[in-house]
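Please look at the structure shown below and keep it in view while reading.

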Amino acid sequence: MAAIVSVRDVRKVYESGFEALKGVSLDIERGEILALLGPNGAGKTTLISLICGIARLGEGAITVGGHDIVTAYREARSMIGLVPQEVNVEPFETVWNTVTFTRGLFGLPRDDAHVERVLRDLSLWDKRDAATRELSGGMKRRVLIAKALAHDPKVLFLDEPTAGVDVELRKGMWQIVRQLKAAGTTIILTTHYIEEAEAIADRVAVINEGRIVLVEDRDRLIHQMGRKELTVELKAPLAAVPEALSSYGLALSEDGRSLRYAYDRAAERTGIVSLLRDLSDAGLALRDLRTRESSLEDIFVDLVRKPA
Amino acid sequence: MNARAIRAIYRFEMLRTRRTLLQSLVAPVISTSLYFVVFGTAIGSRIQEVEGVEYGAFIVPGLIMLTVLMQSVTNASFGIYFPKFIGTIYELLSAPVSYFEIVTGYVGAAATKSFVIGLVIYLTANFFVTLPVAHPVWMVGILALTCLSFSLLGFILGILARGFDGLQLVPMLIISPLVFLGGSFYSIEMLPPLWQKITLLNPVVYLVSGFRWSFFGEGDVGIGVSLLAILAFTLACLGVVWWIFRTGYRLRN
């Protein structure tokens with residue numbers, strides 16, 4: 001499938017000398033939800049700022065829908081909607097005027113029906129005549145989304161859409177994102193809530209210290225890199241792991257009542273069968289067995305901690 | 001060209017003007033009236049006529065210029081500085097608009113506002129003095145061009161400003177003295193010869209002189225020189241705006 005956003009060898013050095021991006025290449029496919037994960041200062045916002053035209057592109061090339069963002073900036077930017085991380089919205093103007101302003105900026109004719117639909121979808125219709133400064137934080141954030149949707153973008157960037165948002169609102173935001181995807185919009189969201197990426201993303205890109213560390217299908221990622229953990233609960237507590245079981249790398253709990261065994265479920269031999277046999281040979285009586293699949297969070301922490 | 005974007009910016013800025021309409025218009029009207037009371041009555045009773053014009057009428061072009069210059073600079077600088085300050089500038093930078101469209105929208109709106117204020121002062125002045133306008137078309141033209149060029153200057157200052165203090169600095173410390181020393185309330189001929197020459201370095205002299213010519217058919221310098229000076233100033237501002245946008249100076253990182 002053709003990429004709708006293509007980032008090639010992009011480097012960005014700020015005037016302060018800080019190198020925010022150190023050669024990033026990334027293809028974003030049409031219609032997908034891509035989660036851009038990374039710790040604070042990893043370069044997520046810089047990457048989005050470059051694609052959207054807020055920061056000047058240093059080295060490299062970026063196209064949106066095949067349009068170069070520098071030479072064909074009008075065509076490229078027309079396709080993009082941006083919801084910034086900071087809740088910045090003109091405080092004195094009404095919701096309606098603020099949203100129609102954005103539509104005008106994108107060169108589109110007035111379309112009250114469309115703006116009404118967007119405001120209704122975001123539960124802002126009742127507030128259309130309120131000045132934005134009178135709104136709650138969650139509503140202001142939705143105003144930003146409404147602004148970004150006012151011109152029917154093909155690609156939507158959500159920079160930390162759920163930072164500081166309560167659980168209910170976050171779920172609501174995910175619902176909106178899924179609806180937009182169903183309508184064919186490509187969505188890129190940055191987040192450091194792993195839970196968010198797991199819940200809605202099709203693919204996950206991990207960025208750290210200005211480099212893309214990994215881009216992978218979410219399910220495959222969890223599957224491939226997912227470590228599983230087997231916990232064996234014992235009837236009688238142990239003082240130490242028996243010598244005969246040393247090759248398994250078992251971890252004994254503090255109370256001595258459970259053993260943990262980490263394995264790779266994608267491996268040919270997981271070692272579970274032989275472990276169980278060896279446990280019984282060692283004369284240990286089992287009370288219960290439990291397995292746990294590692295989450296994206298564990299994977300993420302692993303990737304980011306790894307020295308570059 | 002994205003004409004709809006120009007209209008959107010212009011309309012959004014004019015909405016802001018409308019929200020603050022009362023203070024925008026009342027303040028200049030009151031201060032103009034005060035000038036008439038103080039300058040016109042107190043000083044005018046002693047001077048009576050300058051260049052064959054009643055002193056009260058003589059100062060009107062200067063008074064209009066004083067307010068229009070201050071308003072143009074203040075409005076335009078605030079108009080572009082505010083989005084920078086609250087962060088909504090991201091929207092302009094990520095929209096499919098060219099620099100030309102951004103400048104046209106913001107400067108056009110600021111110039112419109114100060115043009116209206118200029119006309120209001122003119123109307124107010126008519127309550128105090130009889131005010132002939134010798135060249136009405138030129139009067140409107142010079143006023144419009146002045147609004148435009150100083151709104152451009154304000155736009156530049158708004159982009160360069162690092163804080164609200166900076167926005168106040170130029171109108172207070174530069175524009176205001178230049179207007180007061182630029183022959184707004186006196187004829188240059190009243191000055192000693194040396195100061196007559198030094199005064200000619202003040203760009204506002206040409207503005208006021210040209211504007212006064214459109215009222216009374218008489219100015220300190222020729223109307224051609226005045227027009228050239230106004231045009232040169234406008235072009236200089238356009239040049240700086242062009243440079244700012246080409247380099248993204250203090251706009252794009």
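## The end of a helix

Just after helix H2 of chain B, Gln48(B) takes a positive phi of about 65 degrees. Helices here (H or I, at least four residues) and strands (E, at least two) are DSSP runs, numbered from the N terminus. This is a predicted model, in which local features need pLDDT of at least 70 and side-chain atom pairs count only at pLDDT 80 or more, while totals for chains, interfaces and linings use all residues. Residues are numbered from 1 along each chain as its sequence is written, chains are lettered from A and ligands numbered from 1 in the order in which they are written, and side-chain values use heavy atoms, with hydrogens and water left out.

## Along helix H2 of chain B

Helix H2(B) covers residues 21–47, and its 27 residues reach 36 Å from the first C-alpha to the last, close to the 39 Å expected at 1.5 Å a residue; the expected span is 1.5 Å times one less than the number of residues. At Gly40(B) the helix bends by about 30 degrees, where the bend is the angle between axes fitted to the seven residues ending there and the seven starting there.

Gly40(B) is also one of the buried residues of H2(B), among them Pro28(B), Phe36(B) and Phe39(B). Buried means under 20% relative accessible area, exposed over 50%, and partly exposed in between (1.4 Å probe, protein chains only). The buried residues of H2(B) pack against helices H1 (3–19), H3 (55–58), H4 (60–86) and H6 (99–125) of chain B, with contact meaning heavy atoms within 4.5 Å.

## Salt bridges

A search of the whole structure finds 20 salt bridges over all chains, each being a side-chain nitrogen of Lys or Arg within 4 Å of a carboxyl oxygen of Asp or Glu. In one of them, the side chains of Glu90(A) and Arg19(B) meet at 3.8 Å, N to O. Glu90(A) lies in the loop between strand E6 (80–83) and helix H3 (95–105) of chain A, whereas Arg19(B) lies in helix H1 of chain B, so this pair joins two chains. Glu90(A) is buried at 9% relative accessibility, while Arg19(B), at 37%, is partly exposed.

Within chain A, Asp112(A) forms a salt bridge with Arg110(A), the closest N and O atoms being 3.1 Å apart. Asp112(A) is partly exposed at 31% relative accessibility, and Arg110(A) is exposed at 71%. Elsewhere, salt bridges that share partners join Arg11(A), Glu19(A) and Glu59(A) into one network.
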